[in-house]
Amino acid sequence: RVLFRSCSGYQNWQSLNLYFSADAIHQPGQIIRIASGCSEKEQEELHDLHSLLPSRYSVHFTPDYSKDPNTGDTYPFYNKPFGLKHWLANSILQPFPKDAIIALLDPDFIFLRKLE
């Protein structure tokens with residue numbers, strides 16, 4: 001299911017649209033892409049891509065959480081909550097400022113106005 005892989009070209013394209021829409025409306029703050037289950041080669045490619053972007057855009061890699069360890073079922077959407085949990089536990093931004101606001105956005109989100 002290539003559509004749901006965090007490191008697919010499709011996800012890259014969607015994430016770039018999100019970044020560029022944030023720039024277009026002058027959304028403040030950092031935007032961190034959470035990419036789950038990427039191969040080493042895919043991680044290198046994403047690092048190369050992010051090196052071309054402003055420093056406020058970064059990527060955080062997590063393990064692949066799409067397989068339920070209890071049932072063995074594959075459900076790609078597990079990557080979203082467990083990827084966020086991994087980022088929260090391992091973020092270099094910790095400790096988070098008391099006034100920090102964290103929003104979980106899908107890669108196909110496009111900013112039309114600032115989040116306040």
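This report describes a predicted model, taking in turn its pocket, one of its helices, its aromatic rings and a few single residues.

## The largest pocket

The largest pocket in the model has a volume of about 1300 Å³. Its lining is made up of 43 residues. Those that lie nearest the centre of the pocket are I32, A103, L104, L105 and D106.

By residue type, the lining divides into 26 nonpolar, 10 polar and 7 charged residues. Helix α1 (9-24), strand β1 (31-36) and helix α3 (79-90) each supply at least two residues of this lining.

## L104, beside the pocket centre

L104 is one of the residues nearest the centre of the largest pocket, and it belongs to the segment after α3.

Leaving aside neighbours within four places in sequence, L104 is in contact with K80 and L84. I32 is also among the residues nearest the pocket centre. L104 and I32 are 72 residues apart along the chain, and their C-alpha atoms are separated by 9.7 Å.

## The two sides of helix α2

Helix α2 covers residues 40-50, and E42, L46 and H50 are buried in it. Why do they fall on the same side of α2? Around the helix axis they cover an arc of only 70°, which puts them on the same side. The buried residues of α2 pack against α1, β1 and β2 (57-62).

The face turned away from the buried side carries the exposed residues E40, K41, E44 and D48. Q43 is also found in helix α2. At 26% relative accessibility, Q43 counts as partly exposed. Apart from neighbours within four places in sequence, Q43 is in contact with C38 and F61. Between Q43 and R56 there are 18 Å from C-alpha to C-alpha, and the two are 13 residues apart along the chain.

## Aromatic rings

A pair of aromatic rings is described by the distance of the centres and the angle of the planes. The structure holds 7 aromatic pairs. One of them is formed by Y19 and Y57, with 4.4 Å centre to centre and 25° between the planes. This pair is stacked, because planes under 30 degrees apart count as stacked. It links distant parts of the chain: Y19 is in helix α1 and Y57 in strand β2, 38 residues apart. Y19 counts as buried, at 3% relative accessibility. Y57 is buried too, with a relative accessible area of 3%.

The rings of F109 and F111 have their centres 5.0 Å apart. Their planes stand at 85°, so this pair is edge-to-face. F109 is partly exposed, with a relative accessible area of 28%, whereas F111 is buried, with a value of 5%. Elsewhere, ring pairs link Y65, Y75, F77, Y78 and F82 into a cluster.

R33 lies in strand β1. Is R33 buried or exposed? Its relative accessibility is 7%, so R33 counts as buried. Not counting residues up to four places away in sequence, R33 touches S6, C7, Q11, N12, S15, Y19, L46, H50, S58, V59 and H60.

Q14 has its place in helix α1, and at 9% relative accessibility it counts as buried. Leaving aside neighbours within four places in sequence, Q14 is in contact with P107 and D108. P107 also has a stated distance from R33: the two are 74 residues apart in sequence and 8.2 Å apart in space, C-alpha to C-alpha.

## H26, a residue with positive phi

Most residues other than glycine have a negative phi. H26 is not a glycine, yet its phi is positive, near 60°. Where is H26 found? H26 is in the loop between α1 and β1. With a relative accessible area of 59%, H26 is exposed, because values over 50% count as exposed.

Terms used. Residues numbered from 1 in each chain as written. Predicted model: local features only at pLDDT ≥ 70, side-chain atom pairs only at ≥ 80, totals over all residues. Heavy atoms only, no water. 1 Å grid on protein atoms, 1.4 Å probe; cavity = no way out; pocket = protein on both sides within 12 Å on 5 of 7 lines; lining within 4 Å. Points joined across faces, edges and corners; volume = space filled by probe spheres on them. Helix = DSSP H or I, 4+ residues; strand = E, 2+ residues; numbered from the N terminus. Nonpolar A, V, L, I, M, F, W, Y, C, P; charged D, E, K, R; others polar. Buried < 20%, exposed > 50% of the residue type's maximum accessible area, 1.4 Å probe, protein only. Arc of directions from axis to C-beta. Contact = heavy atoms within 4.5 Å. Phe/Tyr/Trp six-rings, centres within 6.5 Å; stacked < 30°, edge-to-face > 60°.
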